[in-house]
Each structure stands twice: as structure tokens, then as C-alpha cells.
Amino acid sequence: MSAEATNPATPGPITPAVQRRRGRPRIDLRRLGRAALLGPTARDRLPDAIGHVVEAHRAHYPDADLDPLRRAYVLAESSHRGQMRKSGEPYITHPLAVTLILAELGAETTTLTASLLHDTVEDTEVTLDQVREEFGEEVRYLVDGVTKLEKVDYGAAAEPETFRKMLVATGSDVRVMSIKLADRLHNMRTLGVMRPEKQERIAKVTKDVLIPLAERLGVQALKTELEDLVFAILRPEEYAHTRELIVKNSSRTDDPLAEIAEEVRGVLREAGLQAEVLIRPRHFVSVHRVSRKRGEMRGADFGRLLVLVNEDADCYGVLGELHTCLTPVVSEFKDFIAVPKFNLYQSLHTAVARPDGQVAEVLIRTHQMHKVAEAGVIALGNPYATPADPAEEQTDGDGSRPADGERADPTRPGWLSRLLDWQEAAPDPDTFWSTLRDDLAQDREITVFRPDGGTLGLPAGASCVDAAYAQYGEDAHACIGVRVNGRLARLSTVLKDGDTVQLLMGQDPASEPSREWLEHAHTPVARIAITRWLAAHPASDTASEAPAETRRPSADGPAARPAAADVVVDRPGATVRVAGCCTPVPPDAITGFSVRGGVVTVHRVECAAVERMKSAGRAEVDVRWGDTSECRVTLFAESFGRPHLLADLTEAIALEGVAIVSATVEPPSQQRVRHTYTLQLPDAAHLPALMRAMRNVPGVFDVSRAHHQSTTP
């Protein structure tokens, strides 16, 4: 509601370049101005004022019952009569314009009925009970949802709570957000009567939240126009420059994109493929992005070709013909049919080049894919209707509607479910607001598979930590490891689309997350859960973050001894360092290499790093063991999992008089556990006896020296 008059900075009509090209245009949401005002409202007759709405609605639903629209208009017009917009127009023009936008996009009758009434409960004497009595529970629910969103001011302090309510309302029924987006679009079109600072504030909120929501709901027709309107307000100079580029291109005597389109039609005609080839002009923001990416714009850069076919298989047939008969730009190929985007979008993307260097991007999709690409969730109709009768309300089986809090929209996308999961857990409005904006900034989603065949939808860049909290919620605190595609991996591992993730959960109820997990958590549900736990357990947090030195034996204990056995090198003043990749000890055959800072690193002769350093041209240094036999060594112990195994192993090591410098235990895999110990031996000759003692511990089936490859000397 509110806001009005024409904003002189807004994009205005579609450019001449678009108008002169033949073919089906992009859905034009700019229809309906002062012409669609008040008309005859005789009973049982459709008022002239909703003629545009009816025409657009019948294009999608030829057999729709139009009586609810007639009655909704009559109620809205009589209720708003006498109210005026700031532009001087009767207020009824606003719900009419919003409803026309939705009708053009293919919204079903229930949504259009609620759209006509969306301001009546807030601004007139009409009540929700009256709406229910006259139009049913479904319309009442939608009107109530939109009304709740309108009751909170868009002031800076109110924004978090406004959008929290918006998410809750959208989660219960995505049609609420559809009406809200159309409402915002009409207000943005008529924002010129607002003060410049208020225009800018509303435009920023639209840019940060509403445009990403439109993108995620797949409503590209709304999203692109909102982007252009925001672009005109927030970046007027760049907008003016972009407009000049478009106008200049429209004055060209030739049209390379039209020529390529005709060539594509010929190729498909010869192949016997029935297809419609159209030109899709880029909107202002798209032209601006392309110009920044490519520099000087060429004729074919101002639009894309759209090829529409009837069947999915025909899309690949068209692709094959284009790549066979024309010159494809292979790097531009993307298959969003086999792997749809998170917002329902499906299409094949490719590009073809002409000998003169002009490159045309091509979109290939079915007519149904195109409808969904333009209208997103709006194209899905009423999510609660039965297949037999789209106008019939869904019930719980006993004829009653589900309670408001129990509604679960079957068309609700996975990203929206995740937002609803964490929004209640956000500790404060600022955290909610910042997290919401960060989450909406994620423009791509991946799907990973669980071993049981289930799937998890995650934003691109998510780690195994995010997968754990997505699957288990706060129970993920007990996660002790993960296998990705059958191999053990770190919890910090970034997942890729199609990965299989097996989370390994500990049985200890006292398991706790690490502060380090925050560095690898990208989703709100993971970050909020970890932050809340750390805030509730400051003592545990302090203990887990204590410096390594405080967890080692005291300075006068065994760990204070030299780090390695004595090594003699014939270089006065040289510092000797025993390599951690192979941890040589007497009487191993050893060799040395000089590295940065005058340091000589000592390796076992059979260490894999030796060959790499020789290949890199490093000169070997003669080294030999000295008289001191004390040394530090790294051992791996492979065992079966059992209670108290770690305690028994450390006890066996201690009984051999060996100090444990550090120890790590990897998560169990198929009941097998891998331990890594760095040990300080008083005598290198005692190493075989130590390894035998460790192997004798029940459950341990192998103990070996470290000989993992090192990437650095």
C-alpha cells in the first residue's frame, strides 16, 4: 500500500530495441494505469474495471470461475471508496494493479481474490471474519498473512521483526509472499512522491531482502523489474549510462541477434524440430552487468535467444543441432534441466558464435519450463487444492482445515524450510537480520546424499559442519567425524553437489562442539546452534581453547627433553631439524638437505620426500647419528573400537617409560580406529619393544612408524 506518482528516475517503458523485434515479449507487468478505474458494478456482472485482470487470468485458466473476483472487487471498491493515493488516483487502483501483476504471471483465482482484498482489513472496516464468510478460509488466511506484513513499519529498527513475520507467513503459504512482492513492485513503480531519502531506504530494503526472496521463489518477472527500479534509485548515473547504451543499440541499422535467430530457425527447420525461436532483450541491470564484464558492448550482447519446444527430449535435440551446425562456445554450456536450480528454474544454456565474432547466448526450454522460469512458485497454483478441483480447499480428512500453526506448504522450497528452522533460534533481532541477509546472498544450492538415500539441501560453500546441523539440529554437537564419498574427511571439508555424506555420531551425551567449528559453519542453523552452546558453556570453551603448552606435561617432565636424537652435520652453526614426515630415529639410514634459514632437515633414506627434493635440485648434506640416543618419533596404532582402549594404550606407553608429546584419535570407521602418537623416547633402541607393547594391548592389530608424504621439507 502507500507510495505514489510516477518516479522520474524509474526505467519507464521498454526500449525501442525491444519493441521492433518480433516474437513473444517478456511478460510485461507495466500494464494498467489510470484506465482501469471504476466501472459498472451491477450485480452478477463483471465490472469493467477488472477487465484487464479477467483477460490475463483467462489466458492461464480458461475455465476459471470469475464470480469470486467480481465479488472481491465490489467489496474492495466499496470499502476503499473515498480513499485516495498520494498520486491523486482512487485507492482501488492499487489492489487492481497488484492483482493484474499476479494474473499476468498465472496466479490462480484464490490468490487473485485475496490480492484484491489485501488492504481491506488493514485500511477499511472489513474484518477477517467477513472475508471468511464471503470467500472462505483460504482467502481469509492469505489476506491475514499479507495484513500482518503491512502492520509493521519499514523503519530501520523495525526491519528485523518485519521480515521475521514475513518468513513465517511465507513458510505457511508461499502465495502470501507472492502477493507481497507484487504489492512492493507496484509501490516501487510509483515511489516518486516519496522524499529521496525514503525512496533510497525502501530501495535498499527491496535490494537486500525482497529481490533475493523473489529470486529464490523463482519469480524472475518480478525480480528483474524490481532490480531495474532499485538500480534507477540507488545508482542513477550508472542507470542513465546503461539506458544510453540500450538506446544507442536500438538505432543500429543492423540487428545481429535477429540475424542469428533467423539462422537458428533455419537449422531447426531443416532438422525437422518444431521450435519457437524468440529474442529476449536483457533488462537494464543485466545489460549493466554484461557491459562491466565484457567492456565494449556488441549488438548480440543486448539480448539472448530463447528456444521453446514441447518436450524435455526436444531440448537436447535442439542443443545437438546447434552445436553441430553452428560454432558453439563450449565454456558457456550449462544443464539446468538435469540439475535444476534451487528456485525451480530449468533450462539449457549455451552460446553460438558467428565468424565476425558476435556471440549469442541461447536458452533452450519447454513451454512449461518457461512458465515456471517467469513465474516460479506462482505458476504452481494453489498448493492446497486437490488435483480434481483446483478451487477446492484441502482438508485434514475430516472436512476441517488444518490449524494455522500446522500448515505445511507442499511447494515450500528447501531453503525456506531452513530459514524457518533457524529464525526462531536467533538470539536477538540484529543476529536475525544480519544472518538473514547473509543467507539470502547465497544464490546457489547444492544437494548432498545421505547413506540411507535421503538428501540434504545446502547452500553452495557449505561444509560437513553445516551438513551435520542440517540433519541433526543441536544433536550435531555429538558429531565426531564424517565420511565423504566413502572416505574419511575433516568436518571443515567443503561439500560439492552430489556428494554422499555419512556423519559419524558419538554416543557420549557430554559431547561438545568446538569453537573452531564456527570457522567452517556457513549456514545460520549451524552458526546459531554452535554460538548458543558456547555461550552456555564458557568454562568448556575456555578449556578447549587453552594453549597447547598448558595441556602438555610440566617443564621438568619427560616432554622437556630434546626433540630429537643427536644428529651430527659437517656445517658449523647449522640448525638440525628431524623431518616430521618420516621421523627418523637411530639406527635408521638418514640423509639431509639444506633449506631456508640455514636449517638442515634430516630424513630417512627411504622417505618419499627425498626423491622429490633431489628432483627439485636440492643438494644432499652428509649427516650421521651422534652419541645421544634420545629421540622423538611418531607412531600409528590401528585398532578395533572398544571402551577404555585409549586409556589402556596410554598406560602401556607410560609403562615403557615413554613420554606422550601429543595424541590424536580419528573418528571410528567400520569399528576401526586410527591413533596417532608423537612420543619422546629416552633411548631409540627401545623403539621395537615399545611397538610390541602397544600391539599387545587387546584390540590393537597394528602399530607402524609414520611415513606419510610431506609437501614441505
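A salt bridge is a side-chain nitrogen of Lys or Arg within 4 Å of a carboxyl oxygen of Asp or Glu. Asp129, Arg132, Glu137, Arg140 and Asp144 are linked in a network of such bridges. The model is predicted, so local features need pLDDT of at least 70 and side-chain atom pairs count only at pLDDT 80 or more, while totals for chains, interfaces and linings use all residues. Residues are numbered from 1 along each chain as its sequence is written, and side-chain values use heavy atoms, with hydrogens and water left out.

**Salt bridges**

- Across the whole structure, the search finds 31 salt bridges.
- Glu361 forms a salt bridge with Arg294, with 2.7 Å between the closest N and O atoms. Because Glu361 lies in strand β6 (residues 359–366) and Arg294 in helix α15 (residues 284–294), the pair ties together parts that are 67 residues apart in sequence. Helices (H or I, at least four residues) and strands (E, at least two) are DSSP runs, numbered from the N terminus.
- Glu361 counts as buried at 16% relative accessibility, whereas Arg294 is partly exposed at 34%. Here buried means under 20% relative accessible area, exposed over 50%, and partly exposed in between (1.4 Å probe, protein chains only).
- Arg252 pairs with Asp254 in a salt bridge whose closest N and O atoms are 3.1 Å apart. Arg252 is partly exposed at 29%, and Asp254 is partly exposed at 31%.
- In the salt bridge between Lys614 and Glu620, the closest N and O atoms are 3.4 Å apart. Lys614 is partly exposed at 38%, and Glu620 is partly exposed at 43%.

- Asp466 is found in helix α20 (residues 464–472).
- Asp466 is buried yet has no salt bridge, and the nearest side chain of opposite charge, Arg527, is 7.5 Å away.
- A polar atom of the Asp466 side chain lies 2.8 Å from the backbone nitrogen of His522.
- Leaving aside residues up to four places away in sequence, Asp466 touches Leu458, His520, Ala521, His522, Thr523 and Ala526. Contact means heavy atoms within 4.5 Å.

**Cysteines**

- The count of disulfides (pairs of cysteine sulfur atoms within 2.5 Å) is zero.
- The closest cysteine sulfur to that of Cys464 belongs to Cys479, 8.2 Å away, which is too far for a bond.
- Cys464 is buried with a relative accessible area of 0%, and Cys479 is buried with 5%.

**Helix α3**

- The 14 residues of helix α3 (residues 67–80) should span 20 Å at 1.5 Å a residue, and the end C-alpha atoms are 20 Å apart, which agrees. The expected span of a helix is 1.5 Å times one less than its number of residues.
- Since 10 of the 14 residues of α3 are buried, the helix is largely enclosed by the rest of the structure. Among the buried residues are Leu69, Arg70, Tyr73 and Glu77.
- The cover over the buried residues of α3 includes α2 (51–60), α4 (93–105), α5 (109–116), α6 (120–123) and α7 (128–135).
- Gly82, which follows α3, has a positive phi near 95°.

**Helix α22**

- The 13 residues of helix α22 (residues 524–536) should span 18 Å, and the end C-alpha atoms are 18 Å apart, in agreement.
- The buried residues of α22 are Pro524, Ala526, Ile528, Ala529, Ile530, Trp533 and Leu534.

How values were computed. Lys, Arg positive; Asp, Glu negative; His and termini not counted. Polar contact = N/O pair within 3.5 Å; in protein donor to acceptor, adjacent residues only side chain to side chain.
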